[in-house]
Amino acid sequence: MTLTAENVGLYAETLVRQAATGGYCLDYSAESLVALDTLLTSSDPLYDLSSETQRSLVIFYAGCYLGEVLVRTLGGLWQLTDNWAESSLVIVREQEGIEVRPFEKLHRRLAEGEDGNRLADFYQGILEHFLRS
């Protein structure tokens with residue numbers, strides 16, 4: 001899978017449509033990360049039983065969605081690499097910036113579980129970073 005500035009939003013939208021069939025509303029708001037956390041929690045017991053390809057697909061689509069939430073709500077800018085898993089976002093507010101890695105966050109969320117890895121908390125942590133600055 002190759003990420004480009006043109007297709008990252010399309011991949012995120014694929015997750016939005018798939019989640020909607022299960023009754024989850026992903027609308028690119030910060031609050032929708034709670035719904036994504038809930039969706040991921042329902043798949044947590046299956047994570048270790050899934051193939052590497054299946055795990056990578058979950059990380060890929062959910063990471064695209066998480067990144068697009070950050071782009072749309074905080075003005076993040078994608079820094080795409082040839083290896084999508086290493087892509088990041090830069091969020092700048094006034095004179096300060098922060099680089100975040102949505103795919104790495106999703107990998108930790110799925111590998112380590114929800115406790116300490118909630119996506120809504122990740123988002124809140126980014127907001128608090130800028131409030132402290």
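In this predicted model, helix H1 (residues 8-21) and helix H3 (residues 52-74) have axes that come within 8 Å and cross at roughly 110°. The two helices, H1 and H3, are therefore roughly perpendicular to each other, since angles of 65 to 115 degrees fall in that class. On the H1 side, the residues that meet H3 are Val 8, Gly 9, Tyr 11, Ala 12, Thr 14, Leu 15 and Val 16, and their counterparts in H3 are Phe 60, Tyr 61, Ala 62, Cys 64, Tyr 65 and Glu 68. Sorted by class, this contact of H1 with H3 comprises 10 nonpolar, two polar and one charged residues.

Leaving aside residues up to four places away in sequence, Glu 68 touches Val 8, Gly 9, Ala 12, Tyr 28 and Trp 78. Val 8, Gly 9 and Ala 12 are among the H1 residues that meet H3, while Trp 78 has a bridge partner in E2, namely Leu 89.

Three strands make up an open sheet, ordered E1-E2-E3, with antiparallel pairing. Strand E1 (77-79) and strand E3 (96-100) are the edge strands, each pairing on one side only. From one strand to the next, the twist averages 25°. E1 and strand E2 (residues 88-93) run antiparallel and are joined by three bridges; in E2, Leu 89 is the bridge partner of Trp 78. Helix H5 (residues 119-132) packs on the sheet, where the helix touches E2 and E3, and the direction of H5 makes about 160° with that of E3.

The structure holds eight aromatic pairs. One of them is formed by Phe 60 and Phe 103, which are stacked, with 6.3 Å centre to centre and 15° between the planes. This pair links distant parts of the chain, with Phe 60 in helix H3 and Phe 103 in helix H4, 43 residues apart. Both Phe 60 and Phe 103 are buried. Trp 84 and Phe 103 form an aromatic pair too, here edge-to-face, at 5.1 Å centre to centre and with 75° between the planes. Because Trp 84 lies in the loop between E1 and E2 and Phe 103 in helix H4, the pair ties together parts that are 19 residues apart in sequence. Trp 84 has 13% relative accessibility and therefore counts as buried; Phe 103, at 1%, counts as buried as well.

From C-alpha to C-alpha, Glu 104 and Phe 60 are 9.9 Å apart in space, and 44 residues separate them in sequence.

Conventions: Residues are numbered from 1 along each chain as its sequence is written. This is a predicted model: local features need pLDDT of at least 70, side-chain atom pairs count only at pLDDT 80 or more; totals for chains, interfaces and linings use all residues. Side-chain values use heavy atoms; hydrogens and water are left out. Two strands pair if DSSP finds at least two bridges between them. Helices (H or I, at least four residues) and strands (E, at least two) are DSSP runs, numbered from the N terminus. Axes are lines fitted to C-alpha atoms, for helices over the stretch in contact, and angles run from 0 to 180 degrees between N-to-C directions. Contact means heavy atoms within 4.5 Å. Angles under 35 degrees count as roughly parallel, over 145 as roughly antiparallel, 65 to 115 as roughly perpendicular and the rest as oblique. Ala, Val, Leu, Ile, Met, Phe, Trp, Tyr, Cys and Pro count as nonpolar, Asp, Glu, Lys and Arg as charged, and the others, Gly among them, as polar. Rings of Phe, Tyr and Trp (its six-membered ring) pair if their centres lie within 6.5 Å; planes under 30 degrees apart count as stacked, over 60 as edge-to-face and the rest as tilted. Buried means under 20% relative accessible area, exposed over 50%, partly exposed in between (1.4 Å probe, protein chains only).
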